[in-house]
Amino acid sequence: MAHTFLLGVGAMKAGTTWLHRYLSGSAHCEPGHRKEYHVFDVLDLAETFTLTRVVEKARASLDEVARVEATDPTFLIQSAMLADEGFYFDYFCGLFSRSPHTRLTLDITPGYARLDTTRLSKVRDGFEGRGVRCVSAFLMRDPVQRILSQVRMQQRRRPEQNPGSVADLVAERFAEPSYAERTRYEETIARQDEVFGDLAWLAFYEEIFDPRSGEEELRRLCALAGIDYIEPDLETRFNASSDTIELPESTTRVVAEHFRPTYEFVASRFPERDLARIWPSARLIG
């Protein structure tokens with residue numbers, strides 16, 4: 001039986017939590033302790049906030065171990081992976097031994113969208129060297145809507161650091177690296193193409209939740225992941241805001257124009273798609 005590891009590389013706020021729940025629902029998938037392991041973004045991209053959080057949580061778990069109390073091993077595992085990259089591969093490969101039915105395991109960390117080809121190649125080769133097929137998955141979302149969703153999430157989680165209207169925050173921040181780098185799909189896709197080729201699943205967030213196209217896209221994903229197709233729950237969303245916010249057209253136009261290279265790349269990379277239908281903001285760049 002073939003074993004497959006799926007590296008999910010984002011995009012942030014493009015349905016990755018839903019995707020993880022979907023794949024984890026397969027009887028042939030053993031996801032391990034969490035959705036996002038945040039190993040290579042911490043090691044390569046100076047994600048100090050995440051590193052600090054992992055270390056603090058691991059220390060708390062060690063304190064519980066010292067008291068001979070039950071503890072959540074999640075952050076101990078993450079810390080071990082950061083201390084020894086080889087353990088990352090050993091951990092996921094070890095998950096296959098838990099059940100003879102397991103065909104798939106995965107790490108879906110949106111921060112991996114910014115990993116370079118050297119790191120992606122090391123991940124691919126690390127699994128292939130252990131006899132495990134390595135594939136990647138990348139969901140992309142209308143750039144304007146992705147940034148809007150990121151701003152809303154940050155305001156919801158830390159309102160004191162994100163005062164003011166969501167529309168104003170989007171207009172102020174869309175070009176900042178923490179937003180823009182996660183929206184440059186042309187860069188992420190180019191790296192996936194180079195390292196994974198046909199073993200990269202590239203899909204549109206909007207098409208997954210469209211009954212006209214969702215099944216086809218998910219069947220394609222399941223085939224790549226080596227598992228049987230699962231009927232999806234397209235009604236349930238995760239980490240979604242309960243209300244709808246419409247940006248002023250002037251703001252949408254400015255943000256879309258800033259990401260013109262992204263729209264143009266995606267349109268050329270997927271010429272069979274009507275991008276203006278999938279991403280309405282594409283109409284504003286002319």
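How far is the sulfur of cysteine 222 from the closest cysteine sulfur, and in which residue does that sulfur lie? The first point answers this. A word on the basis: this is a predicted model, where local features need pLDDT of at least 70, side-chain atom pairs count only at pLDDT 80 or more, and totals for chains, interfaces and linings use all residues. Residues are numbered from 1 along each chain as its sequence is written, and side-chain values use heavy atoms, with hydrogens and water left out.

1. **Cysteines.** The sulfur of cysteine 222 is 10 Å from the closest cysteine sulfur, that of cysteine 29, and this is too far for a bond. A disulfide here is a pair of cysteine sulfur atoms within 2.5 Å, and by that rule the count is zero. Cysteine 29, accordingly, is in no disulfide. Both side chains are covered, if you take buried as under 20% relative accessible area, exposed as over 50% and partly exposed as in between (1.4 Å probe, protein chains only). Cysteine 29 is buried at 9%, and cysteine 222 is buried at 1%.

2. **Strand β3.** Helices (H or I, at least four residues) and strands (E, at least two) are DSSP runs, numbered from the N terminus. Strand β3 covers residues 133-140, and seven of its eight residues are buried. Two strands pair if DSSP finds at least two bridges between them. Strand β1 (residues 4-8) runs parallel to β3, joined by five bridges, and glycine 8 has alanine 137 of β3 as its bridge partner. Five bridges also join β3 to β4 (residues 200-204), again in parallel; there, serine 136 stands opposite alanine 200.

3. **Arginine 182.** Please have a look at this residue, found in the loop between α9 (177-180) and α10 (185-196). Is arginine 182 buried or exposed? Its relative accessibility is 15%, so arginine 182 counts as buried. Counting heavy atoms within 4.5 Å as a contact, and setting aside residues up to four places away in sequence, arginine 182 touches Ala11, Met12, Glu47, Arg114, Arg146, Gln150 and Pro177. A polar atom of the arginine 182 side chain also lies 2.9 Å from the backbone oxygen of serine 178.

4. **Aromatic pairs.** Rings of Phe, Tyr and Trp (its six-membered ring) pair if their centres lie within 6.5 Å; planes under 30 degrees apart count as stacked, over 60 as edge-to-face and the rest as tilted. This rule gives 22 aromatic pairs. In one of them, the rings of tyrosine 37 and phenylalanine 92 have centres 4.9 Å apart and planes at 75°, so the pair is edge-to-face. Tyrosine 37 lies in the loop between α1 (16-24) and α2 (40-45) and phenylalanine 92 in helix α5 (residues 85-95), so the pair ties together parts 55 residues apart in sequence. Tyrosine 37 and phenylalanine 92 are both buried.

5. **A second pair.** Phenylalanine 204 and tryptophan 279 are also edge-to-face, at 5.5 Å centre to centre and 65° between the planes. Phenylalanine 204 is in β4 and tryptophan 279 in the segment after α15 (275-278), so parts 75 residues apart in sequence are tied together. Both of these residues are buried.

6. **Tyrosine 88.** Ring pairs link a cluster whose members include Tyr37, Tyr88, Phe92 and Phe127. Leaving aside neighbours within four places in sequence, tyrosine 88 is in contact with Phe5, Leu7, Val39, Phe40, Met81, Asp107, Tyr112 and Phe127.

Key. A polar contact is a pair of N or O atoms within 3.5 Å; within protein, one must be able to donate a hydrogen and the other to accept it, and residues adjacent in sequence count only if both atoms are side-chain atoms.
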